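Dear colleague,

I am passing on the structure we talked about, and below it you will find my notes on what was found. Please read them with the model open beside you.

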Amino acid sequence: MTKLLSGTKRSKELLTIFQEKTQKLKDHHQVTPKLVVITVGEDPASQVYVGQKEKKAHQIGFDFEWVKFPETVPETELIAKIDELNADSKVNGMIVQLPLPQHLDERKMIERISPDKDVDGFHPYNLGKLIANQATVIPCTPKGILNLLKAHDITLSGKNVVIIGRSLIVGLPLQMLLTHENATVTVCHTKTRDLKAHTKQADIIVVAAGKPGLLTKEHIQPGAVVIDVGINRLPDGRLAGDVAFEEVEDMVSAITPVPGGVGPMTVAMLMEQTLECACRQHDIDYQTL
């Protein structure tokens, strides 16, 4: 029987733990974690995502600030705000919500964030530490995928893993995480000549391509584990992943749903990393909290 890897269920378990740790941080150390999210413009998806982060932050007991700029904001003004937040000792974590308007350089904005407040884990310093297996902050989606796999006792060591997608947000950091877990990892992308030849050999497939229904039963060996990172809005308004879920469900041993799979885990990891950053900034041991 196929196991459904519910990120909704797992994230609820984690958020309860984070809520307890946050209360201890307040009671024993008089520290309230604070997360700040900066948005530019009115991108509808971004408004939804930030709203979800705000809800979870308040649920756990964080302070939360949503800094909104108009789409026409000059680069200098955005940089000045990031610098201000970097210097504010009450701010423990900061995000510049992507995508940004074309006149703003996304990499430049990410690199402006202090690495110890970079709770998205996108700063080159933090990505470099991830490669060296010394990471303190990890991109949230890869971290959430790893947490979900481990929560379901899915073995990684010695397994063949194929990741479809090579972004700095998901594919490449996940490659590093799984390699550190002793998996054998292949990264496929738009220039991969025979995708099926790779995926048919995989014990675990992670799809993060942004193409609805990309992965079908033709790509999968029976008993594989499938992690669907994609979330796509179809013409009829429904949400769909990158995997043809109904087509492959009976073939695989475990699969994430869309929605309710990877998405909630990403938000949960953001909350954990904000909490961890708050602890590090105050020389508090997160593990014993």
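Predicted model: local features only at pLDDT ≥ 70, side-chain atom pairs only at ≥ 80, totals over all residues.

Residues are numbered from 1 along each chain as its sequence is written, and side-chain values use heavy atoms, with hydrogens and water left out.

The unreviewed UniProt entry annotates residues 5–120 as "domain: Tetrahydrofolate dehydrogenase/cyclohydrolase catalytic", an annotation that, like others there, may be inferred rather than shown by experiment. That span is 52% helix and 16% strand, and its end C-alpha atoms are 23 Å apart (helices are DSSP runs of H or I with at least four residues, strands runs of E with at least two, numbered from the N terminus).

Helix H5 spans residues 124–131, and its buried residues (under 20% relative accessible area, 1.4 Å probe, protein chains only) are Asn126, Leu127, Lys129 and Leu130. These residues are on the same side of H5 because they cover an arc of only 160 degrees around the axis, the arc being that of the directions from the helix axis to the C-beta atoms. Helix H7 (171–180) is included in what covers them, contact meaning heavy atoms within 4.5 Å. After H5 comes asparagine 133, with a positive phi near 60 degrees.

Terms used:
Buried < 20%, exposed > 50% of the residue type's maximum accessible area, 1.4 Å probe, protein only.
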